[in-house]
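Thank you all for coming. I would like to walk you through one structure this morning, beginning with a pocket and then moving on to some of the side chains.

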Amino acid sequence: MKSVIWTVAAVFAGSMAMADGHSEDDVHWSIAMKVNEGMAEKVVPLVTKMSEATMANEPDALIYEYMQAGDAVHIYERYADNAAAMVHMTNFGENFAEEFFEVFTVESVAVYGPAGDDLKEALSGAGPAYLDKIAGFAR
């Protein structure tokens, strides 16, 4: 009987983790950037266009947010899994990369979660740091 209770509790806990949009398969990252000289007026239109495209075309993009303080801009992105992150990287490369790198200079990239070799290759030009989770939770 104890094993049945623990099994039910484990299944329930697992379903709750899936219900809130987070799982152990999530791949996410934070990118710190600087706005390039003379490009300040292009920041909001570009990131708005990118956010709208990501929302419309990438259902497994779970979080996609830009924050700004002066010429510092940070992005926080979270994807359901490595495949979803690769869909985003493909869309970014095909539709936004050229304009993005005209507007921003990437200063650092921190990647969290199980990034696959294909994603590591796609991000390699930015010199990312890959960090493993050692404790914590998401609600």
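This is a predicted model: local features need pLDDT of at least 70, side-chain atom pairs count only at pLDDT 80 or more; totals for chains, interfaces and linings use all residues.

Residues are numbered from 1 along each chain as its sequence is written, and side-chain values use heavy atoms, with hydrogens and water left out.

The second largest pocket has a volume of about 250 Å³. A pocket here is an open set of points on a 1 Å grid over the protein atoms alone, where a 1.4 Å probe fits, with protein on both sides within 12 Å along at least five of seven lines, and its lining residues have an atom within 4 Å of a point; the volume is the space filled by probe spheres set on the points, which are joined across faces, edges and corners. There are 18 lining residues, and the closest to the centre are Ile31, Met89, Phe92, Phe101 and Leu123. By type, the lining divides into 15 nonpolar, 2 polar and 1 charged. Its largest share, 3 residues, comes from H3, where helices (H or I, at least four residues) and strands (E, at least two) are DSSP runs numbered from the N terminus.

Let me turn to the rings. The whole structure holds 6 aromatic pairs, meaning rings of Phe, Tyr and Trp (its six-membered ring) with centres within 6.5 Å, called stacked when the planes are under 30 degrees apart, edge-to-face when over 60, and tilted for the rest. One of them is tilted, with Trp29 and Tyr79 at 5.2 Å centre to centre and 40° between the planes. That pair links distant parts of the chain, since Trp29 is in strand E1 and Tyr79 in strand E3, 50 residues apart. Trp29 is buried (under 20% relative accessible area, with a 1.4 Å probe and protein chains only), at 1%, and Tyr79 is buried at 0%.

Phe92 and Phe100 have ring centres 5.2 Å apart and planes at 85°, so this pair is edge-to-face. Both Phe92 and Phe100 are buried, and ring pairs link Phe92, Phe100, Phe101 and Phe104 into a cluster.

Finally, His28 is placed in strand E1 and is buried, with a relative accessible area of 14%.

Conventions:
Ala, Val, Leu, Ile, Met, Phe, Trp, Tyr, Cys and Pro count as nonpolar, Asp, Glu, Lys and Arg as charged, and the others, Gly among them, as polar. Buried means under 20% relative accessible area, exposed over 50%, partly exposed in between (1.4 Å probe, protein chains only).
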